[in-house]
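The sequence and the model are shown first.

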Amino acid sequence: MIWQQLFQNRILDRGIDYYNRRLVEDLHVGDEFIEGTVYGSKKYKVHIDMEDGEIVDMSCNCPYALEGNYCKHMAAVLFCVEYKNGAEAVTGMDSEMVPDKEESVEKMVKGADEVLIRNFLTGILKNDEKLLNRFRSALCCKISPVDMKRYKNQINEIFRKYSESHNFIDYYNAWPFVSELEEFLDNDIQGILENKQYEEAFELTNYIFVKIGNQDMDDSDGGTGVLCERCMEIWKEIFECCDEKLKKKMFRWYTEHLDGSVIDYMEEYMELILFENFKEDEFMAYKLKFTKDKASEYKEKDDWYNGEKWALRYIAVMQEQKKPQNIIDEYCKKNLKFSRVRKYYIENCIKRKEYDVAINLLEEGKTLDKGLPGLVADYSLWLKDLYKQLGNRQNYEKELWSLILKYRIGDVTIYKELKSLYTEEEWKEKREIIFKKLPPYAEIDKLYKTEKLYDRLLKAVLDSPGLYKLTEYEKCLKNIYPKELLGKYETAVKDMASYTSDRQKYREIVYILRRMEKYPGGKEKVEEIVTDWQSAYKNRRAMMDELKKL
């Protein structure tokens with residue numbers, strides 16, 4: 001199986017690291033698939049489709065892969081498949097060459113004079129802070145304030161090198177910058193972790209995280225997310241190993257830095273760590289106060305997004321602490337202006353079968369949130385289902401009419417549900433009311449198709465610009481109205497030919513002409529059109545070339 005060339009080198013390096021750290025589990029290999037779970041900052045599921053021993057497609061639920069990229073988790077799974085026994089660590093991308101290289105280096109060092117080696121190493125370490133830090137880490141030396149300053153200087157130098165004088169990292173420098181920071185996290189900080197120097201590892205990871213959050217960069221390829229994910233992995237590793245004293249320090253740092261010190265979407269990483277961990281009573285009590293204060297702060301500022309987010313956080317902490325439901329309900333009632341709080345409260349009311357309360361909240365929400373059509377539509381759908389469940393035919397029917405004409409305009413599913421309430425004769429009258437009241441932008445043609453009103457559907461197709469609607473409904477109209485559709489095609493291709501001079505468009509025209517040939521009388525019509533064009537557009541060389549392919 002050939003696969004390494006599918007990945008960027010830096011991604012392969014990360015995949016090797018994940019494999020070596022035994023983070024791949026639940027590996028399943030079949031003839032047509034490979035599946036595995038990779039444990040990073042979260043649990044990531046990798047699925048790889050195979051055909052004849054080669055990769056056809058790969059997917060992973062990590063943010064980087066969801067943007068269409070091949071990620072480190074996929075690479076880790078593939079390394080694990082390649083070295084299935086899990087006993088052999090991979091140290092490079094070309095594994096066949098690694099043993100020879102290691103053997104030659106080992107042989108050279110073994111044969112060298114000890115004094116020469118000491119002098120050579122001393123000279124290098126005096127002039128290279130990066131190697132000095134790694135050498136001290138390899139010796140498990142205690143990290144002094146001077147060492148920490150040296151580490152931070154190294155981090156600062158990475159930022160300085162790629163941001164240049166204007167403090168902006170452009171697209172071409174973004175990935176080299178991300179790769180070098182990843183290397184620091186993977187080697188230097190990971191080495192500090194392995195030496196169980198958790199407090200220093202935490203401080204340096206935070207230093208990088210905050211600097212990333214304040215660095216102006218072209219992040220088109222998602223490098224910031226990659227680095228944040230790696231910081232999260234280190235935070236989790238520290239949290240699992242550290243003592244209570246450091247745990248308190250970590251908790252304090254996260255709460256103090258949820259203050260706009262980094263860009264808002266990066267705060268979400270700190271929030272995840274904070275709320276997925278620190279479950280001890282002392283922390284939970286502080287989180288209760290912290291989330292309540294944050295919600296109040298943003299509510300006073302009329303910051304709806306953050307106010308709603310922290311109100312929901314506060315509700316979640318109250319639930320974790322098993323606070324009485326009436327206290328949670330009271331808080332919800334005071335914060336119904338936040339739509340997600342309203343939804344949460346309505347869901348609880350329905351679970352408790354407090355249907356009247358839920359209906360009142362939904363009706364009120366439709367008024368309060370009238371400027372948010374999507375949200376109002378959700379309320380209306382909820383009401384419709386509640387009225388149906390309660391057997392309230394009048395309001396159920398009324399809500400369906402509101403949906404088809406206002407909130408889910410022309411929706412076929414709603415249309416069919418409304419239709420089910422009437423007899424065949426009644427519906428003939430009702431559907432005409434719908435057709436008359438629907439706005440011009442409604443896709444009424446879909447309803448014509450549903451009702452098999454093909455004469456009206458044909459008119460909608462003929463009146464529409466271009467060929468989009470014709471191709472959408474060609475299958476159901478072709479046998480009934482071949483002449484009319486052929487005429488629509490003819491008008492469209494002639495219009496296209498009158499102003500087109502691009503070879504790709506000529507190919508599109510030829511494709512349309514081929515479709516026309518499948519109609520009764522289509523071949524003759526196409527021949528007539530082509531003959532006219534050969535005279536009118538004879539100087540369009542590309543067009544004449546493409547027409548010859550008919």
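## Pockets, a hairpin and a helical residue

In this predicted model, the second largest pocket has a lining of 17 residues, and those nearest its centre are D17, E182, E183, D186 and N187. The space in the second largest pocket amounts to about 380 Å³. Helix α8 (171–194) is one of three elements, with α1 and α6 (129–138), that each supply at least two residues of this lining. The greatest share comes from α8, which gives nine residues to the lining of the second largest pocket. By class, that lining holds no nonpolar residues, six polar residues and 11 charged residues.

Two or more lining residues of the largest pocket come from each of α1 (9–20), α2 (63–66), α3 (72–82), α10 (223–241) and α12 (264–276). Among the contributors to the largest pocket, α10 gives the most, with five residues. The lining of the largest pocket consists of 11 nonpolar, three polar and eight charged residues.

| Pocket | Volume | Lining | Lining by class |
|---|---|---|---|
| Second largest pocket | about 380 Å³ | 17 residues | no nonpolar, six polar, 11 charged residues |

The next feature is a pair of strands. Strands β3 (residues 43–51) and β4 (residues 54–60) are paired in the antiparallel sense, with six bridges between them. Within this pairing, H47 stands opposite S59 of β4. The two strands β3 and β4 form a hairpin in which two residues lie between them. In the turn of this hairpin, D52 has a positive phi of about 55°.

The last feature is a single residue and its surroundings. V376 belongs to helix α18, which spans residues 373–390. The relative accessible area of V376 is 4%, so this residue counts as buried, the cut-off for that class being under 20%. Beyond the neighbours within four places in sequence, V376 is in contact with K366, D369, K370 and Y407. One of these contacts, Y407, lies 31 residues from V376 along the chain, and the C-alpha atoms of V376 and Y407 are separated by 7.2 Å.

Definitions and conventions. Residues are numbered from 1 along each chain as its sequence is written. This is a predicted model: local features need pLDDT of at least 70, side-chain atom pairs count only at pLDDT 80 or more; totals for chains, interfaces and linings use all residues. Side-chain values use heavy atoms; hydrogens and water are left out. Helices (H or I, at least four residues) and strands (E, at least two) are DSSP runs, numbered from the N terminus. Buried means under 20% relative accessible area, exposed over 50%, partly exposed in between (1.4 Å probe, protein chains only). Contact means heavy atoms within 4.5 Å. Two strands pair if DSSP finds at least two bridges between them. Ala, Val, Leu, Ile, Met, Phe, Trp, Tyr, Cys and Pro count as nonpolar, Asp, Glu, Lys and Arg as charged, and the others, Gly among them, as polar. On a 1 Å grid over the protein atoms alone, a cavity is a set of points where a 1.4 Å probe fits but cannot get out, and a pocket is an open set with protein on both sides within 12 Å along at least five of seven lines; lining residues have an atom within 4 Å of a point. Grid points are joined across faces, edges and corners, and a volume is the space filled by probe spheres set on the points.
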